[in-house]
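This report looks at how the chains of a model meet. It then turns to a few contacts in detail.

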Amino acid sequence: MTDLQPVLEALDGDFENVVFEDSLGQIVARVPNAEWTAFAVAAKDAGFEVCVDVTAVDWMRQRPERFEIVANLLSMQHQLRLRITTTTGREDPSVDSLCPLWPGANFAEREAFDMFGITFDGHPDLTRILMPDDWEGHPLRKDFGVGSVPVQFKKSHQVN
Amino acid sequence: MTDERTAEETAESPDTVDLWVAGTEESQFSPTEEGAQEIARDDSGRRLDEQFGRVVDDDYVFDDEIAEDERMIINMGPQHPSTHGVLRLQLELEGEIIRRSKPIIGYLHTGMEKTAEQLNFSQGGTNVTRMDYLAPFHNELGYSLAVERLLGIEVPPRAAAMRVLLTELNRVSSHLVALATNGMDVGAISMMLYGFRERESILAFFEKTTGLRMNHNFIRPGGLAADLPVGWKDDVAAILEDIPARLAQYDDLLKDNPIWILRTRGVGVISAEEAIAYGITGPPLRAAGVKWDLRKEFPYSGIEKYEFEVPIGTQGDVYDRYRVRVDEIHESLKIVEQVMDSMPKGDYRVDDRKVTPPPRARIDESMEALIHHFKLFTEGFKVPAGETYVAVESPRGELGFYVVSDGEAKPYRMHTRGPSFANLQALPITMADSLMADTVATIASMDPVMGDVDR
Amino acid sequence: MATTAPGNLLITTVERAANWARTRSMFPATFGLACCAIEMMATGAGHYDLARFGMEVFRASPRQADLMIVAGRVSQKMAPVLRQVYDQMPDPKWVVSMGACASSGGMFNNYALVQGVDQIVAVDIYVPGCPPGPQSLMHGILTLHDKIMSGEIVR
């Protein structure tokens with residue numbers, strides 16, 4: 001892309017397999033799974049000091065790789081945001097953890113593990129964070145139902 | 001609970017009874033000198049001074065080496081008067097000093113991100129507004145901005161100005177609750193009553209405008225649900241006149257109060273590097289000295305038209321966070337005054353009939369309006385496929401919404417980046433090697449809202 | 001309730017006195033969970049004063065409380081905690097389910113919430129609203145007072 005900021009130009013030049021896209025005015029970098037850590041280190045050195053958020057999307061059968069892991073980075077010195085995404089498959093989904101680089105990704109990756117079942121290699125404490133510890137299943141996957149129950153009408157009466 | 005004793009057991013030994021006679025058992029504990037107090041001699045003048053408190057031996061923190069097995073793990077919460085909701089902390093204590101701590105969350109997990117996939121885009125506001133329940137307008141604004149970016153529409157200037165008015169007033173009311181609970185947790189219980197008293201006048205204005213005191217679902221994709229009520233300027237002017245005087249009273253109570261300063265200065269310190277590494281945003285980041293406010297850096301909803309300052313602190317302790325919040329209330333009131341004086345005329349929602357419903361009168365006249373109304377309220381408007389991340393500056397920090405749409409009327413994935421979720425990660429490092437009594441002040445100053453953390 | 005036998009007449013008066021004492025000094029246990037907790041705090045604050053009904057003291061320890069106002073949504077992880085707090089409260093105890101989420105799961109009909117706190121504890125009063133304003137909550141509490149005074153709820 002020709003209209004990238006110079007910071008992102010440098011990143012684009014270093015990595016051939018990474019595709020930079022423009023998504024509704026925001027820059028997204030599609031990174032192959034194997035280069036996730038390398039690209040993240042390069043981004044952090046380029047000035048992205050803050051990892052704002054790590055999350056995942058379950059594409060089910062719509063895309064060849066089922067899960068897409070999305071990390072939002074922020075550079076305070078350059079006033080830039082960058083979104084980096086990678087993919088992982090249906091069997092044993094996993095990706096490298098960003099915790100060694102940005103300790104603030106700790107809780108977010110635990111939530112992605114809890115909700116989707118994606119393993120983050122190198123995470124210091126990958127356990128369930130939002131659901132009870134003995135919960136089975138990963139709620140935000142598309143094949144996990146909402147769990148709605150039929151509405152019950154109780155025998156209470158209104159008091160005026 | 002040993003109610004269940006099988007019939008066989010009682011039938012087996014009906015005659016033998018367990019008797020315990022006091023004083024006949026072997027003593028498990030042989031008394032040692034450990035823990036015995038030093039009784040000071042009567043004729044020492046210093047003893048009287050110590051009793052009166054004129055002389056204090058304050059070296060209890062630097063005691064002798066405590067053996068490893070003398071650490072105690074205690075549990076604080078989830079039901080606790082001072083944890084700001086259902087936060088559970090596991091503290092590893094060595095005497096009164098916290099060596100390690102671990103926040104355990106999830107006690108308010110509501111599955112809001114899963115619910116968002118079942119509700120269509122204009123119903124999403126009802127879901128999202130209950131996440132950070134002290135700043136509901138900010139949640140709705142972030143979500144609406146994300147959906148509007150996916151739709152590719154811009155709201156008219158009056159809608160943008162109304163949004164700024166409501167969110168800045170919401171910032172004031174949220175910081176008032178933060179001050180109230182902060183004061184109450186540290187011990188200034190009257191702050192609780194004062195904070196909620198001021199909040200009532202703002203909530204009365206919200207009720208007049210939106211119909212609800214909290215969780216309004218008023219800022220929707222495409223604009224707002226309704227226009228401001230007649231006479232809103234008088235209500236806002238009354239708020240603007242009332243609150244600064246009251247804030248001066250709170251400063252009298254807290255700002256130079258030696259007890260407050262003793263309890264909050266140097267407590268719960270987060271340095272700027274730690275804050276940036278942990279992704280902390282909002283008043284804790286600004287109190288550490290980093291001048292970063294999304295309203296200035298990535299402005300939204302026309303807020304760049306208004307003049308305001310971003311207060312920062314120096315030391316990153318509880319006292320600085322308290323000052324930053326009080327100063328932010330003043331700045332928000334400045335913005336509210338500017339919005340009130342310069343509110344543009346016009347429509348309060350975008351004109352695109354595919355997104356906002358037509359006025360009710362038109363439905364009787366035009367078939368097209370009827371069809372639009374029908375489609376909007378049964379199926380909802382379809383949003384083109386795409387993904388976006390929009391962040392707003394909520395009273396707690398960067399509140400971001402990552403919305404993915406696949407062309408349907410419901411979001412494919414909606415993820416909220418809650419500021420309290422990230423801010424809580426810093427609790428273990430702020431509380432390490434500090435005293436147990438400072439825990440409450442630290443948590444109160446981080447101002448977590450558990451609805452935001454657990455969603 | 002009131003019998004004609006002279007011996008029971010004294011007990012009835014004692015019971016009425018006991019009910020009066022119980023209603024006039026109920027101590028709520030702090031069980032604020034979510035948005036309703038803020039409205040509960042607002043009810044206890046200056047504008048809508050709960051202290052005039054003797055209830056401004058929100059006891060943190062369940063052993064010292066007799067009213068549990070479940071204010072907010074009860075998640076699956078919180079349910080055992082709620083039951084344990086309820087069990088720790090001594091008799092007589094009452095439960096007010098405040099808000100839509102505590103009464104029936106509210107707008108969140110999904111895997112994460114207990115659909116109504118009456119799946120776990122026995123509820124005396126349901127206060128609807130999302131969140132119920134302080135006036136609604138006070139109406140619910142005063143209704144509970146009336147029910148206790150009239151002897152409808154016998155604990």
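## Chain A against chain B

In this predicted model, chain A and chain B bury an area of about 3,700 Å² between them, and carbon and sulfur atoms give 57% of that area. The contact draws 46 residues from chain A and 39 residues from chain B. Between chain A and chain B there are 23 residue pairs in polar contact, counting pairs in which both residues have pLDDT 80 or more. On the side of chain A that touches chain B, the elements giving two or more residues are strands S2 (26-30), S3 (50-58), S4 (67-75) and S5 (80-88), together with helix H3 (106-116). S3(A) gives the most, with seven residues. Sorted by class, this side of chain A has 26 nonpolar, 10 polar and 10 charged residues.

## Charged pairs between A and B

Side chains of opposite charge can pair when their charged atoms come close. Across the interface of chain A and chain B, six salt bridges are found. One of them links Arg83(A) to Glu387(B), with the closest N and O atoms 3.3 Å apart.

Another salt bridge is formed by Glu117(B) and Lys142(A), where the closest N and O atoms are 3.0 Å apart. Glu117(B) sits in the loop between helix H3 (112-116) and helix H4 (124-128) of chain B, while Lys142(A) sits in the segment after strand S7 (119-121) of chain A, so this pair joins two chains. The whole structure, over all chains, has 44 salt bridges.

## Two single residues

Glu297(B) belongs to helix H12 of chain B, which covers residues 294-297. Which residues does Glu297(B) touch, not counting those up to four places away in sequence? They are Gln79(A), Lys291(B) and Trp292(B). With Gln79(A), the contact is polar and runs from side chain to side chain at 2.3 Å.

His138(A) is in the segment after S7 of chain A. The side chain of His138(A) comes to 3.2 Å from the backbone nitrogen of Gly117(A). Setting aside neighbours within four places in sequence, the residues in contact with His138(A) include Phe113(A), Phe116(A), Arg128(A) and Phe144(A).

## Two helices of chain B

Two packed helices are described by the angle between their axes and the distance between the axes. In chain B, helix H7 (residues 190-210) packs against helix H8 (residues 232-254) at an angle of about 170°, and the axes are 11 Å apart. Because angles over 145 degrees count as roughly antiparallel, H7(B) is roughly antiparallel to H8(B).

The residues of H7(B) that meet H8(B) include Met191(B), Tyr194(B), Ile202(B) and Phe205(B). From H8(B), among the residues taking part are Trp232(B), Val236(B), Ile239(B) and Leu253(B). By class, the contact of H7(B) with H8(B) has 11 nonpolar, four polar and five charged residues.

## Chain B against chain C

Chain B and chain C each put 31 residues into their contact. The area buried between them is about 2,700 Å², with 66% given by carbon and sulfur atoms. How many salt bridges are there between chain B and chain C? The count is one, and it pairs Glu39(C) with Arg213(B), whose closest N and O atoms are 2.9 Å apart.

There are 10 residue pairs in polar contact between chain B and chain C, with both residues at pLDDT 80 or more. H3, H4 and H7 of chain B each supply at least two residues of the side that touches chain C. The largest share, five residues, comes from H7(B). This side of chain B divides into 16 nonpolar, 10 polar and five charged residues.

Definitions and conventions: Residues numbered from 1 in each chain as written. Chains lettered and ligands numbered in written order. Predicted model: local features only at pLDDT ≥ 70, side-chain atom pairs only at ≥ 80, totals over all residues. Heavy atoms only, no water. Contact = heavy atoms within 4.5 Å. Buried area = accessible area lost by both parts, 1.4 Å probe. Salt bridge = Lys/Arg side-chain N within 4 Å of Asp/Glu carboxyl O. Polar contact = N/O pair within 3.5 Å; in protein donor to acceptor, adjacent residues only side chain to side chain. Helix = DSSP H or I, 4+ residues; strand = E, 2+ residues; numbered from the N terminus. Nonpolar A, V, L, I, M, F, W, Y, C, P; charged D, E, K, R; others polar. Axes fitted to C-alpha atoms, helices over the stretch in contact; angles between N-to-C directions. Parallel < 35°, antiparallel > 145°, perpendicular 65-115°, else oblique.
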